[in-house]
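Look over the sequence and the model before reading on.

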Amino acid sequence: MNEGGQPQERNGLTEEDAARANLYALIGRLFHEAPDSILLAQLCRAEAGAAEENAPLEQAWQALQAACKSAYPVVVKQEHDSLFVGVGKAEVTPYTFHYIQGASPDRHLVRLRERLEQMGLARRDAAFEVEDHVSGICDVMRFLIVSGHSLSEQRLFFMEFAYPGTASFCERVARASSAEFYRYVAAFARAFFEVERQAFEMHEGDG
């Protein structure tokens, strides 16, 4: 995604919002491509930030870190490609329209593109992923946070475009026969999305 110039990212994020933005970025990165040895090492040493105040999320984070410690980059890349790229057809599609019930894929993408255009976001000409790739959705949520969009704006996008697809996507990954390392990624992502849903519901009506 390219940012169309407005709004510009702001400094002075709260610690909680910075942690949220970082976790969206991490989840998006892991589903977009397999982690290399550097990222795996960083994850082994990192603190989850927002996970520390939520027991299920903290447990999922610790399990993911344990998986990182025993992961081999080449093997994880093979797993990622088998799950999400595949030859002919991926075992698990990373495009969220597949998991949203009651809406046609074409209409869903039209609404998503309209919303992104309103935000000043546009798809890069060189990008081959459709906008509703789970990594793209995570990147939009990160952008909304770091750009200072209100909670109501974040909530609207999350409830309409992020949560309905990503929650079911994570469940599908967790059940996939090829998922080993990515079972832990999916569990952590699902736990984080649930924390976000609960927080947005708790603060419904806030600006």
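Contact here means heavy atoms within 4.5 Å. This is a predicted model, where local features need pLDDT of at least 70, side-chain atom pairs count only at pLDDT 80 or more, and totals for chains, interfaces and linings use all residues. Residues are numbered from 1 along each chain as its sequence is written, and side-chain values use heavy atoms, with hydrogens and water left out.

Q: Which residues does Phe181 contact, leaving aside its neighbours within four places in sequence?
A: Neighbours within four places in sequence are set aside for Phe181. What remains is Pro35, Leu40, Leu64, Ala67, Cys68, Ala71, Val76 and Glu79.

Q: How many helices and strands are in the chain?
A: Helices (H or I, at least four residues) and strands (E, at least two) are DSSP runs, numbered from the N terminus. Along the sequence the pattern reads β-α-α-α-α-α-β-α-α-α. The chain holds 8 helices and 2 strands.

Q: What share of the residues of the chain counts as buried?
A: Buried means under 20% relative accessible area, exposed over 50%, partly exposed in between (1.4 Å probe, protein chains only). The chain has 207 residues. The buried share is 43%.

Q: Is Phe193 buried or exposed?
A: Phe193 lies in helix H8. Its contacts beyond four places in sequence are Tyr24, Ile27, Cys138, Phe158, Tyr163, Thr166 and Cys170. The C-alpha atoms of Phe193 and Tyr163 are separated by 6.8 Å, though the two are 30 residues apart along the chain. With a relative accessible area of 1%, Phe193 is buried.

Q: How are H7 and H8 oriented, roughly parallel or roughly antiparallel?
A: Axes are lines fitted to C-alpha atoms, for helices over the stretch in contact, and angles run from 0 to 180 degrees between N-to-C directions. H7 (residues 151-175) and H8 (residues 181-202) pack at about 150 degrees, with axes 9 Å apart. Angles under 35 degrees count as roughly parallel, over 145 as roughly antiparallel, 65 to 115 as roughly perpendicular and the rest as oblique. H7 and H8 are therefore roughly antiparallel.

Q: What classes of residue make up the contact of H7 with H8?
A: Residues meeting there include Phe158, Tyr163 and Cys170 in H7, and Arg190, Phe193 and Arg197 in H8. Ala, Val, Leu, Ile, Met, Phe, Trp, Tyr, Cys and Pro count as nonpolar, Asp, Glu, Lys and Arg as charged, and the others, Gly among them, as polar. The contact of H7 with H8 divides into 13 nonpolar, 2 polar and 8 charged.

Q: How many nonpolar, polar and charged residues are in the contact of H6 with H7?
A: H6 and H7 pack at about 155 degrees, with axes 10 Å apart. That makes H6 roughly antiparallel to H7. Among the residues in contact are Ile137 and Leu144 of H6, and Phe157 and Phe161 of H7. By class there are 11 nonpolar, 2 polar and 1 charged.
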